[in-house]
Amino acid sequence: MNSPASSADKRLTVRPLPGHPTRGTLTLGSLTVPCALGKGGLTLRKREGDGATPIGRFAVLDVFYRPDRGRRPETALPVTALSPDDGWCDDPRHPRYNAPVRLPFAAGHEKMWRQDGVYDIVVVLDYNLSPAVKGKGSAIFFHLARPGYTPTEGCVAVAEPHMRRLLKALRPGAVMDIRR
């Protein structure tokens, strides 16, 4: 199988489908796949809890996966196995806002070890990380899509076979470019 991109192509381009603000396409090189977007569509003014996917260009950072649900993704990006006590703080009032945390955790948080499978493979995007601006949005990931590509809470999501193929082609320095 040919790689969907040359080693020089490091940009994942996300665009909404005309008339369908919660569905889109994701392109890397010659590969274009369907994707789910946030239930609030795309926005330039992301806010915590709005369900929108932020518009912009974000570095593709780290990959996490559930080792009990599948093999380690093949990629040149850093990969870490999740455990049941992994979480991500989504409470704008907490000093660990938009950062990984260990569970149990008293403040608001996402559970990374989920039953619905969407975080069986999850990629951290460099959105509002360093420094995190309180209330600007947290846990904006690139993860696996639900059946039917139902909307996300603000992330970009693709089917598992597409995620594995994309990760195999991605290299450090890759970016996700989300545009209208």
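The accessible surface of the chain comes to about 8,600 Å². Carbon and sulfur atoms hold 52% of that surface. These areas come from the Shrake-Rupley method with a 1.4 Å probe, and for residues only the protein chains shown count as cover.

A word on the source: this is a predicted model, where local features need pLDDT of at least 70, side-chain atom pairs count only at pLDDT 80 or more, and totals for chains, interfaces and linings use all residues. Residues are numbered from 1 along each chain as its sequence is written, and side-chain values use heavy atoms, without hydrogens and water.

Now burial. Of the 180 residues, 51% are buried. Buried means under 20% relative accessible area, exposed means over 50%, and partly exposed lies in between.

Next, salt bridges. The structure holds 13. Each is a side-chain nitrogen of Lys or Arg within 4 Å of a carboxyl oxygen of Asp or Glu.

Which residue pairs with Lys 46? Asp 50 does, with the closest N and O atoms 2.6 Å apart. Lys 46 is buried, at 6% relative accessible area. Asp 50 is partly exposed, at 29%.

Then take Arg 114 and Asp 116. Their closest N and O atoms are 2.5 Å apart. Asp 116 is partly exposed, at 40% relative accessibility. Shared partners join Glu 110, Arg 114, Asp 116 and Arg 146 into one salt-bridge network.

Last pair: Glu 153 and Lys 39. Their closest N and O atoms are 3.2 Å apart. This pair links distant parts of the chain, 114 residues apart.

Notes
Buried < 20%, exposed > 50% of the residue type's maximum accessible area, 1.4 Å probe, protein only. Helix = DSSP H or I, 4+ residues; strand = E, 2+ residues; numbered from the N terminus.
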